[in-house]
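This report describes a single protein chain through its fold, its helices and a few individual residues. Please keep the sequence and the coordinates open while reading.

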Amino acid sequence: MKTSDLTDAALDWAVEWCECGDDIAEIDDPHFYSTDAARGLPIIQRENIKTKHVGDAGFVAWVSRGVGPHTDEHSQYGPTPLIAAMRCYVASKLGDEIKLPKNFL
């Protein structure tokens, strides 16, 4: 699935995967990173993700690492700053497309 299309539980699962790696199978209590600022903001701050309102498109979030020709930059859009930022985080860690478990398809 394209990272830019992730929403709701699928987006939260992808963020959890970034946070926990292979230990994600042991998580019984889901975290709502894309709707709960108390969960999402620490990631935004730690990863230095920036957000900006872009009119009808909602919000854009981006993160840059490195300088000059070695810059690794990711950006994603979303209807809220938190959704855009969590999509950006997932893209920066897992890429523009990810494979979801069957229960999210």
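## Terms and basis

A polar contact is a pair of N or O atoms within 3.5 Å; within protein, one of the two must be able to donate a hydrogen and the other to accept it, and residues adjacent in sequence count only if both atoms are side-chain atoms. Helices (H or I, at least four residues) and strands (E, at least two) are DSSP runs, numbered from the N terminus.

The model is a predicted one, in which local features need pLDDT of at least 70 and side-chain atom pairs count only at pLDDT 80 or more, whereas totals for chains, interfaces and linings use all residues. Residues are numbered from 1 along each chain as its sequence is written, and side-chain values use heavy atoms, with hydrogens and water left out.

## Overall fold

The chain has three helices and three strands, and reading along the sequence gives the pattern α-α-β-β-β-α. Its C-alpha atoms fill a box of roughly 40 × 30 × 25 Å along the principal axes. The radius of gyration, taken over C-alpha atoms, is compared with a globule rule of 2.2 Å times the number of residues to the power 0.38; for 105 residues a compact globule would have a value near 13 Å, and the 13 Å of the chain agrees with this.

Of the contacts (heavy atoms within 4.5 Å) with a separation of 6 or more, 51% are accounted for by residues 24 or more positions apart.

## Helix 2 and its ends

Helix 2 spans residues 37–47, and its buried residues are Gly40, Ile43, Ile44 and Glu47. Seen down the helix axis, these buried residues fall within an arc of 100°, so they line one face of helix 2; the arc is that of the directions from the helix axis to the C-beta atoms. The buried residues of helix 2 pack against helix 1 (8–20), strand 2 (59–65) and helix 3 (81–94), while Ala38 and Gln45 are exposed on the other side of helix 2.

At the start of helix 2, a side-chain oxygen of Asp36 reaches to within 3.0 Å of the backbone nitrogen of Ala38. Just after helix 2, Asn48 takes a positive phi of about 60°; Asn48 lies in the loop between helix 2 and strand 1 (50–53) and, at 46% relative accessibility, counts as partly exposed.

Most residues other than glycine have a negative phi, and most peptide bonds are trans. Asp8 has a positive phi of about 45° although it is not a glycine. Asp8 lies in helix 1 and, with 58% relative accessibility, counts as exposed.

## The aromatic pair

Which residues form an aromatic pair that is tilted? Rings of Phe, Tyr and Trp (its six-membered ring) pair if their centres lie within 6.5 Å, with planes under 30 degrees apart counted as stacked, over 60 as edge-to-face and the rest as tilted. By this rule the count comes to one aromatic pair. Trp13 and Trp17 form this tilted pair, at 5.1 Å centre to centre with 45° between the planes.

Trp13 and Trp17 are four residues apart in helix 1 and are therefore separated by about one helical turn. Trp13 is buried, with a relative accessible area of 18%, whereas Trp17 counts as partly exposed at 27% relative accessibility.

## Cysteines

With a disulfide defined as a pair of cysteine sulfur atoms within 2.5 Å, the structure holds zero disulfides. Cys18 is in no disulfide, and the nearest cysteine sulfur, that of Cys20, is 9.8 Å away; Cys18 is buried, with a relative accessible area of 18%. The sulfur of Cys88 lies 11 Å from the closest cysteine sulfur, in Cys18, which is too far for a bond, and Cys88 is buried with a relative accessible area of 0%.

His74 is found in strand 3 (residues 72–78) and is buried, with a relative accessible area of 16%. Not counting residues up to four places away in sequence, His74 touches Ala61, Trp62, Val63, Cys88, Ala91 and Ser92.

Leu94, in helix 3, counts as partly exposed at 30% relative accessibility. Leaving aside neighbours within four places in sequence, Leu94 is in contact with Ala14, Trp17 and Cys18.

Terms used
Buried < 20%, exposed > 50% of the residue type's maximum accessible area, 1.4 Å probe, protein only.
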